[in-house]
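User: Hi! Could you walk me through this protein model, starting with the active site?
Analyst: Happy to, let's look at it together.

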Amino acid sequence: MTTPQPPLKASPAFPFDNSYARDLAGFYAPVLPTPVEAPALVKVNTALAELLGLDPADLATPEGVAVFAGLAVPEGAEPIALAYAGHQFGHFSPQLGDGRAILLGEVVGRDGLRRDIQLKGSGPTPFSRRGDGRAALGPVLREYIVSEAMAALGIPTTRALAAVTTGERVVRDRALPGGVLARVAASHIRIGTFQFFASRKAFDAVKQLADYTIARHYPDLVEAENPYLALLDGVIGRQAALVARWLCVGFIHGVMNTDNMSVSGETIDYGPCAFMDAYDPNTVFSSIDEMGRYAYGNQPDIAHWNLARFAECLIPIMGDDREAAIAAANAALGTFPKRFYAAYHAGLAAKIGLPEASEEDVALAHDLLNVMIGSKADFTLTFRRLGALAEDADAGGPVRDLFLDREAFDTWAERWRARLAETGRSGTEIRAGMDAVNPLFIPRNHLVEEVIAAAIERGDLGPFEQLNAVLARPYADQPEFAAYAGLPPSMEGYRTFCGT
């Protein structure tokens, strides 16, 4: 029996301008989404749709749902699955690629920025490796929630444009309702995309990809003396800042493989990711990270390691003198620790209300982290509640109660308040600055699981809508939603899984 192919539809209108498909022939496989039985809309991201120049109401129509479910391919789309390789947990796989994702095309938004629109869970591709190319609804909802929460937190990230159910079941450890996520990204070019061609010694293709990447993401480097070295340096800088920013909100990327590191500087691939509750640098949630390679505290070193793999791809196109190219690449890589720690320490200093990341202030912040480890203090609530103590010396109860060793916290807090006094700022001013960088609402693991359970077990999407609304304002007090900001229940042994 022949699988029905999606028809072309003129509505809804997507103003596609597909540069990847147009300029990089041979870097992908053309493939159509596989239609599903009975799709239904979960959610359209109204604000993002408008930013992209799309009509949210149009996207929510049956015709729009058909596009997101793979039942229809809109006019101007050129569906493709991207080829890439990657180091997965340190082991190189020469061919991975989009196994359950199809890039519909690109649009240039109202802000003038070009973005991909991709369907995840839309059926098998030539890169599926015997997989079904589908996604369960739970991981689709998780990625929607977490990626939009990261965007609200101000961290560069892929976004969720829409989610739909498919009316079909997918079989994982059990039969589960299926879903498709429409993901938006600055692009889906990964370090692994470069590795795919470099590992085959197709250096003309590496150069072509690098030229495309520079034009799309780093246009100011076009006239650089050595644009490929400048590209390496640019990606290093963006990744250093990115990882520093997500560590400052307690985020743990569950699978920091090279195929999950975007050269645009966005967080990409929200599979077994999670936010940390009690502070511990050894925290791991991913079910497949058995050795803790991607633990919270390891992520800066892993980013550095991944960037070294990127440098290996670019060295052959940096110039005829290989030794000089290696030396230049190593020099660029050598800047990563300084750039990362400059961003991370600035973030830590701001979290405790200090305007500069002096050596002494950074040490003070690390002293707090050490006390938090011993007391199993909640990462998010500790920093948020510190703001009240910065404003009022008698308001220390809520933050102090987070610590098992209250005396250790008191000793630290006395030093900290003395340092705050030296800045000459009012307590109200200090607290406002702290509240602006210390979120109150994050996608807590138990909240995400409750939302997924409600959707899967009862077909109730109300909790999903409510959680997204709360997380859209992570730094606001929102007293009516205080229950979303309470201490989480014990989640010992909690694990997250790949799914989309």
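**The annotated active site and its surroundings**

Analyst: D259 lies in the loop between β13 (251-252) and β14 (274-275). Helices (H or I, at least four residues) and strands (E, at least two) are DSSP runs, numbered from the N terminus. This is a predicted model: local features need pLDDT of at least 70, side-chain atom pairs count only at pLDDT 80 or more, and totals for chains, interfaces and linings use all residues. Residues are numbered from 1 along each chain as its sequence is written, and side-chain values use heavy atoms, with hydrogens and water left out.

User: Where does the "active site" label come from, and what position does UniProt give for it?
Analyst: An unreviewed UniProt entry places the feature "active site" at D259. UniProt positions are given in the numbering used here, feature names are shortened, and annotations may be inferred rather than shown by experiment.

User: Is D259 buried or exposed?
Analyst: D259 is buried, with a relative accessible area of 6%. Buried means under 20% relative accessible area, exposed over 50%, and partly exposed in between (1.4 Å probe, protein chains only).

User: Which residues is D259 in contact with?
Analyst: Leaving aside neighbours within four places in sequence, D259 contacts Y84, A85, G86, H87, Q88, L96, R190, G192 and D269. Contact means heavy atoms within 4.5 Å.

User: What about the "binding site" annotation, which residues does it cover?
Analyst: In the unreviewed UniProt entry, that annotation covers G97, G99, R100, K120, D132, G133, R183, R190 and D269. They span 173 residues in sequence, and the farthest two C-alpha atoms are 23.0 Å apart, so they do not all gather at one spot. R190 and D269 are among the contacts of D259 too.

User: Pick D132. Where is it found?
Analyst: D132 sits in the loop between β9 (114-120) and β10 (135-136). At 35% relative accessibility, D132 is partly exposed. Not counting residues up to four places away in sequence, D132 touches G123, P124, V170 and R172.

User: Switching topic: how many residues of helix α6 are buried?
Analyst: In α6 (residues 191-198), 8 of the 8 residues are buried, so this helix is largely enclosed by the rest of the structure. Those residues are I191, G192, T193, F194, Q195, F196, F197 and A198. G192 is also one of the contacts of D259.

User: And what covers the buried residues of α6?
Analyst: The cover includes α1 (19-23), β6 (86-88), β7 (91-93), α7, α8 and α9 (299-314).

User: Okay, zooming out. How many helices and strands are in the chain?
Analyst: The protein chain has 18 helices and 14 strands. Its radius of gyration is 23 Å, close to the 23 Å that the globule rule gives for 500 residues, so the chain is as compact as a globular protein of that length. The radius is taken over C-alpha atoms, and the rule is 2.2 Å times the number of residues to the power 0.38.

User: What does the C-alpha trace span?
Analyst: Along its principal axes, the C-alpha trace spans about 70 × 65 × 40 Å. Buried residues make up 56% of the 500 residues.

User: Last one: how do contacts look along the chain?
Analyst: Among contacts with a separation of 6 or more, 73% are between residues 24 or more positions apart.
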